[in-house]
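Have the viewer open and follow along.

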Amino acid sequence: MSSFPFESLRRWPDLESPELVAVDAADRLLLTELQRAVEIDPTLLASPLSIIGDTHGALTLGALAEAGFTEVLVHQDARSGELALMNNAQKLSDFYPSSTTCQNLPLSRELVVSSRIVVLRLPRSLEQLEQWAALIAAYSADDVLVLAGGRIKHMTLSMNEALGKFFTQVEASLAEQKSRVLRARGPKKQAALDALTSWPKSEYHADVDLMVCAQGGAFAGISIDIGTYDLLAVLDRVSGQQGMRIIDFGCGTGVLAAQISKLRPTATVIASDQSAAAVESAKATMEANNLSDRVTVVRDDGLSSQEDSSADLILFNPPFHSGAAVHAGTSLRLFAEAGRVLKPGGELWVVANRHLSYKPALRKLVGETREVRRTPKFTVTKSIKG
C-alpha cells in the first residue's frame with residue numbers, strides 16, 4: 001500500500017480557495033504522535049480510536065491508512081466536515097484497507113467509552129475544550145492517552161489549564177512546523193462527571209425575556225452578541241402575514257428563532273445551523289422557553305435540505321470566517337443559498353459588520369437591498385428576492 005496522499009484531500013462542500021487547506025501541519029504532527037504511541041504500545045490497535053474535531057478527514061483517514069487502526073469513532077462539529085470526510089473517504093478508498101471502518105457519532109459517551117487513545121484538534125473555544133476533556137475523562141479507559149494538537153498561533157496556556165482540570169498529567173510536545181501537541185493522562189473521573197452535568201449552561205436575559213442555553217462550542221455562549229441585538233431591535237418590522245415559513249439561518253443558540261416565533265405565532269419557524277454544538281444549544285433554548293412545539297431545529301450544510309423558493313423570510317447573522325481564517329467567501333456562499341431558498345418576494349434580513357459592505361453582493365445574489373439600521377459597528381439590511 002502506497003503512502004497516503006494527503007495533498008489530494010479536499011474541503012468540499014466546505015469553502016475552497018488556494019489559501020484554505022484540508023490538512024495542515026498540526027494534523028500531520030498529531031498523526032506522527034499517534035504512530036509513536038502505537039509503536040510504544042501496539043495493543044492500542046486492538047480498540048477503536050476516538051477522534052474529536054477532525055476538520056476534513058485528514059486525521060481519520062490518516063489513522064486508518066498509516067497508523068494501523070481498523071476502526072475510528074469520530075465527532076465533527078461541522079456538518080460540512082462530515083461531508084468532506086465522506087467525500088475524501090470515497091475518493092481515496094484505495095489507500096486504506098477495505099476492512100476498516102469510520103463512524104460519525106454525536107458528542108456522547110458512546111464516542112469515547114473505554115477508549116485508550118483519543119486524538120483531538122484543539123478548538124478555538126476554551127469552553128468547548130473543557131466539555132470535550134470532561135467527556136473523555138469521564139468515560140474513557142483509566143490509562144487513556146489524549147493527544148490534543150493545534151497551530152501554535154491559536155494555542156494558549158489556558159488550554160493546558162483546561163485539560164488539567166480533568167487530567168493529572170498534561171505535557172507539551174516540542175514545536176514542529178509551528179504546531180504542537182498536548183499530551184494528557186490520568187483522568188479525574190469524578191471531577192469530569194460532575195462538570196458534565198453543567199452543560200448546557202443557561203442564562204436568563206430579562207431585556208428580551210429569554211433563557212439562552214449553550215453547549216461548550218456555541219458562538220457567543222449564553223450571552224447575546226451585539227450583532228444579534230441589532231437585528232432584534234428591528235425584528236418587529238419584518239413581514240407579518242399569516243402562516244409564514246421563516247428560517248433562522250446559522251441560528252447559533254437560537255435567539256432569533258425564539259424571538260421571531262414569539263412575534264409571529266402563526267409562522268413555521270426553522271432554526272438551522274451546521275454546528276452540532278449550536279443545534280444542541282438551540283434545542284435546549286427552545287425547550288427552556290417552551291417553544292419546542294413552534295420551532296424546528298435542524299443541522300444542515302448551508303440550507304441544502306431546504307427546497308428552492310420555500311421560505312418567506314430568512315434571518316441571518318452570517319459568519320465571516322472559515323475555521324480560524326477570515327474569508328469573505330464564507331458569507332457569499334451562504335447568501336447565494338438564501339437567495340435560492342427564498343420565494344419570489346421573500347425577504348432576507350442580514351446583520352453584518354459595517355466594514356464588510358455586503359450590499360453589492362446581496363443585490364447580485366438575492367435582489368433589491370436597502371439599509372434598515374446602522375450603528376457604529378453594524379448594519380442591518382433587507383433584501384427582497386426579485
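## A salt bridge across the chain

Arg 36 and Glu 176 make a salt bridge, with 3.8 Å between their closest N and O atoms. The two partners come from distant parts of the chain: Arg 36 belongs to helix H1, while Glu 176 is in the loop between strand E6 (167–172) and strand E7 (179–187), 140 residues apart. Keep in mind that this is a predicted model.

How accessible are the two ends? Arg 36 is partly exposed at 37% relative accessible area, and Glu 176 is partly exposed too, at 35%.

Which residues make up the salt-bridge network? Glu 33, Arg 36, Glu 171, Glu 176 and Arg 183 are linked in it.

The structure holds 21 salt bridges. Arg 340 and Glu 337 are about one helical turn from each other, because they sit 3 residues apart in helix H11 (residues 329–341). An α-helix has 3.6 residues a turn, so residues three or four places apart point the same way. On accessibility, Arg 340 is partly exposed at 25%, whereas Glu 337 is buried at 16%; the cut-off for buried is under 20%.

## The sheet

What is the strand order in the open sheet? Its 7 strands run E3-E2-E1-E4-E5-E7-E6, with mixed pairing. E3 and E6 are the edge strands, each having a single partner, so one side of each has no neighbour in the sheet. On average, neighbouring strands of this sheet are turned by 20° against each other, ignoring direction.

For a closer look at one pairing, take strand E5 (residues 145–151) and E7, which pair in the antiparallel sense over 6 bridges. Ala 148 is found opposite Leu 182 of E7.

## Helices on the sheet

H2 packs on the sheet, where it touches E1, E2, E3 and E4, and its direction makes about 170° with that of E2. Helix H5 (residues 126–139) lies across E1, E4, E5, E6 and E7, at about 175° to E4.

Why is H2 described as largely enclosed by the rest of the structure? Because 9 of the 10 residues in this helix (residues 58–67) are buried. Among them are Ala 58, Leu 59, Thr 60, Leu 61 and Gly 62. The buried residues of H2 pack against helix H1 (25–40) and helix H3 (79–91), and also against strands E1 (49–52), E2 (71–75), E3 (101–104) and E4 (117–121). Just past the end of H2, Gly 68 has a positive phi of about 95°.

H3 has 13 residues and spans 19 Å from first C-alpha to last, close to the 18 Å expected at 1.5 Å a residue. Its buried residues include Ser 80, Glu 82, Leu 83 and Asn 88. Covering the buried part of H3 are, among others, H2, E2, E3 and strand E12 (295–299).

## Aromatic rings

There are 5 aromatic pairs in the structure. One of them is Phe 4 with Phe 6, edge-to-face at 4.9 Å centre to centre and 75° between the planes. Phe 4 is buried at 4% relative accessible area, and Phe 6 is buried at 7%.

Phe 4 and Phe 95 have ring centres 6.2 Å apart and planes at 90°, so this pair is edge-to-face. Phe 4 is in the segment before H1 and Phe 95 in the loop between H3 and E3, so to speak distant parts of the chain, 91 residues apart. Phe 95 is partly exposed, at 21%. Elsewhere, Phe 249, Phe 316, Phe 335 and Tyr 358 form one aromatic cluster.

Methods: Residues are numbered from 1 along each chain as its sequence is written. This is a predicted model: local features need pLDDT of at least 70, side-chain atom pairs count only at pLDDT 80 or more; totals for chains, interfaces and linings use all residues. Side-chain values use heavy atoms; hydrogens and water are left out. Buried means under 20% relative accessible area, exposed over 50%, partly exposed in between (1.4 Å probe, protein chains only). Helices (H or I, at least four residues) and strands (E, at least two) are DSSP runs, numbered from the N terminus. Contact means heavy atoms within 4.5 Å. A salt bridge is a side-chain nitrogen of Lys or Arg within 4 Å of a carboxyl oxygen of Asp or Glu. Two strands pair if DSSP finds at least two bridges between them. Axes are lines fitted to C-alpha atoms, for helices over the stretch in contact, and angles run from 0 to 180 degrees between N-to-C directions. The expected span of a helix is 1.5 Å times one less than its number of residues. Rings of Phe, Tyr and Trp (its six-membered ring) pair if their centres lie within 6.5 Å; planes under 30 degrees apart count as stacked, over 60 as edge-to-face and the rest as tilted.
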